[in-house]
Amino acid sequence: MAARFALVVSCVLTTAFFGVGTAHARFLQCAPFAREVSGIAIHGNANTWWSQAAGRYERGQAPVAGAVMAFKAIRSMPVGHVAMVSKVVSEREVLLTHANWSRRGGIERDVRAVDVSAAGDWSQVRVWYAGAGDLGTTVYPLAGFIYAGKAPAAAPADLPMPVIATAAVAPVEGALPVAD
């Protein structure tokens, strides 16, 4: 009887986690992960974070540990990307902690991102990519940085909450970066 119960529970949990069939599998996405690790309470696809942050969080062009780097949408990345700055290495290099970059649903901690803009203004970056074992070859445009801890005590109730196009699994214990 216990084995039957365990089998039923396993099937229910598998269906709840993966949906019906593997085509509906849920993977950790960048936006829910960035929200969890940064404390920046913005919902929706990554390409909406920059505009949603206006008036709610300070925004700027300088990297700061704990800030969210907001990537603009491009053809190969139509919903943009967000990543938390885990450390500022120099004025043109940071380490990022993010999800769903090199591997679908994967979490990467402390990976390099380098400002490659001609003006040194963090408008374009190259990011470490596991497949290459180095910085990727693509140059990504940035909207800028969203700084944590700057939100009002409560967000206005009438703010629209955009629908997230993808679902995410909550991070497992130990998946979050450890503060120095």
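Start at Gly 133. Gly 133 sits in the hairpin of β6 and β7 and takes a positive phi near 65°. Four residues lie between the two strands of this hairpin. Keep in mind that the model you are viewing is predicted.

Strand β7 covers residues 134-135. Strand β6 covers residues 124-129. β6 and β7 pair in the antiparallel sense, over two bridges. Where does Trp 128 find its bridge partner? Look in β7: the partner is Leu 135.

Now pick out Ala 113 and Val 127. Val 127, in β6, is the bridge partner of Ala 113.

Select Val 125 to see one link: its bridge partner in β8 is Tyr 140.

Before you leave the strands, turn on the side chains. In a regular strand, side chains alternate between the two faces of the sheet.

Now go to a helix. Select residues 30-38, which form helix α2. Glu 36 belongs to this helix. Is Glu 36 buried, partly exposed or exposed? Its relative accessible area is 48%, so Glu 36 counts as partly exposed; the exposed class begins over 50%.

Definitions and conventions: Residues are numbered from 1 along each chain as its sequence is written. This is a predicted model: local features need pLDDT of at least 70, side-chain atom pairs count only at pLDDT 80 or more; totals for chains, interfaces and linings use all residues. Side-chain values use heavy atoms; hydrogens and water are left out. Buried means under 20% relative accessible area, exposed over 50%, partly exposed in between (1.4 Å probe, protein chains only). Two strands pair if DSSP finds at least two bridges between them.
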